[in-house]
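Here is a short report for a reader new to this structure. Look at the model first, then read on.

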Amino acid sequence: MRLLTLTEAKLLMREPLALFWGLAFPMVLLAVMGLSTATIGGLPLAAVYEPIVIAFISVVFGVQGLPVHVASYREGRILRRLATTPAGPVRVIGAQLAVSLTVVLAATAGVLAVGRLGFAVPLPRQPAGFAFATVLAATAMLGLGLLIAALAPNARSAGAAGTVLFFPLMYFAGLWTPQLSPTARHIGEFTPLGAATQALREAMAGAWPHPMPLIVLGACTLACSATAARLFRWE
Amino acid sequence: MTAIEVERLRKRYGAKVAVDDVSFTVAEGEIFGLLGRNGAGKSSTVDCIAGLRVPDQGRIRVAGLDPRRDQRELRHLLGVQLQESALPAKLTVAEAMRLFASFYRSPADIAGLLDMLDLTEKRNTRYRGLSGGQKQRLSIALALIGRPRIAILDELTTGLDPVARRDTWAFVEDIRNQGVTIMLVTHFMTEAERLCDRVAILDHGRLAAIGTPAQLARPTLEDTFVALTAGRP
């Protein structure tokens, strides 16, 4: 299992495009926001965007990267090949999840560092709550990614599904309009990334996140992964 | 001692019967050929033996194990080379060998296996950079990395040039001489004649003939094969 995980990590390091969108682009995006002098609700733009950018990271690896990767393993009959070895096909998916989660956390740390060092955005005042919300946001998106991988007939359609889902997910996270209308915000609280940004924002400000967004993220994680496990097509 | 026992195997997909009442046994140390046209039921039979599919009826034993019930143990004893199965495009030959070796209790020596299959020079090449023949040889190496007692080689020499094909044949005889039982799935009659101790010919999911290549040569194995399987598409 260790070598399998290391191998998956190596393979991800050989995907420059995925690393750009998932690791480098979020930091660049935050830096661009940080250069602006605008404020929203009395907060500088970099501080407003930090939770949004962290939500973005989990979408890139969870909803866009993971399903294409898993679907391509099925398409190339790699899952089937592994089914004939003592390792079995489930472990390689476990390894991919472990690698994705690790990279999401590393990218999140990178974004926090850019915000703190470049633009004096304070580190989260409730670090444990922040870490918890980050992990839950990541598992929710990885769960959704698994569900896409379970249902998509091939890597292309998995990629298309990930791209289509990106827009509503990130709309409610506030990527395009950080200040959503009250109605949109209310709906957004019940979408995974609306909930994620809300929880992250609360933890940044110093409070333990409200239970509701955490419940939304936990429910998304469980419902998606359980459905994916039931419906998964191995070939 | 019997390596593989297949008794009255039936497998259907919806209304289509892929394997219909097929029985045969493979003795330990034998090279056994499974012949048939495309769609004759070879791959379905192999899938059931490898535990990848559940038979609708019949009984299968591989080294005395039930492929479904004793799956864990079977995966250590049975090496499988599947047709059209790829590897991650950016994985190198050596990485793939090390990874697959890590799955088994007592893997074969990687350098030795690469050497035997003439892949040593390519050890740092990524999978997508390999030629068809090199990919094929790598997939044979991966099927043997766990030092299996039984190996199933599906479409072993498809895509290989004549020289590489002959090298591969010599290699298959080598591993048999080391005591490995081999089930060869093929539609090359020369390959079956040259390598196999016995062959079974499948036609439309049914066992059409079984015996040594010499017994089935009327006057050649290929004539027999065509006579038994031509006609209905």
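## A helix pair in chain A

This is a predicted model. In chain A, helix α5 (residues 88–119) packs against helix α6 (residues 127–151). The angle is about 140 degrees, and the axes lie 10 Å apart. Angles over 145 degrees would count as roughly antiparallel. At about 140 degrees, α5(A) is therefore oblique to α6(A). The crossing is right-handed.

Which residues make the contact? From α5(A) come A:Leu97, A:Ser100, A:Leu101, A:Val104, A:Leu105 and A:Thr108. From α6(A) come A:Thr134, A:Ala138 and A:Leu142. By class, six are nonpolar and three polar, with no charged residues.

## The sheet of chain B

Chain B holds an open sheet of six strands with mixed pairing. The order is β5-β6-β7-β3-β8-β9. Strands β5 (78–81) and β9 (206–211) of chain B are the edges, each pairing on one side only. From one strand to the next, the twist averages 15 degrees.

Strands β3 (residues 31–36) and β8 (residues 198–203) of chain B pair in the parallel sense over five bridges. There, B:Leu35 stands opposite B:Ile201.

Helix α5 (residues 132–144) of chain B touches β5 and β6 (150–154), and its direction makes about 165 degrees with that of β5(B). Helix α9 (residues 221–229) of chain B touches β3, β8 and β9, and its direction makes about 25 degrees with that of β8(B).

## Where the chains meet

The contact takes 21 residues from chain B and 15 residues from chain A. On the chain B side, α2 (71–77) and α3 (93–101) give two or more residues each. The most come from α3(B), with four. The chain B side divides into twelve nonpolar, three polar and six charged residues.

Definitions and conventions
Residues numbered from 1 in each chain as written. Chains lettered and ligands numbered in written order. Predicted model: local features only at pLDDT ≥ 70, side-chain atom pairs only at ≥ 80, totals over all residues. Contact = placed C-beta atoms within 7 Å. Nonpolar A, V, L, I, M, F, W, Y, C, P; charged D, E, K, R; others polar. Axes fitted to C-alpha atoms, helices over the stretch in contact; angles between N-to-C directions. Parallel < 35°, antiparallel > 145°, perpendicular 65-115°, else oblique. Left-handed = near helix turned anticlockwise from the far one by under 90°. Pairing = 2+ DSSP bridges.
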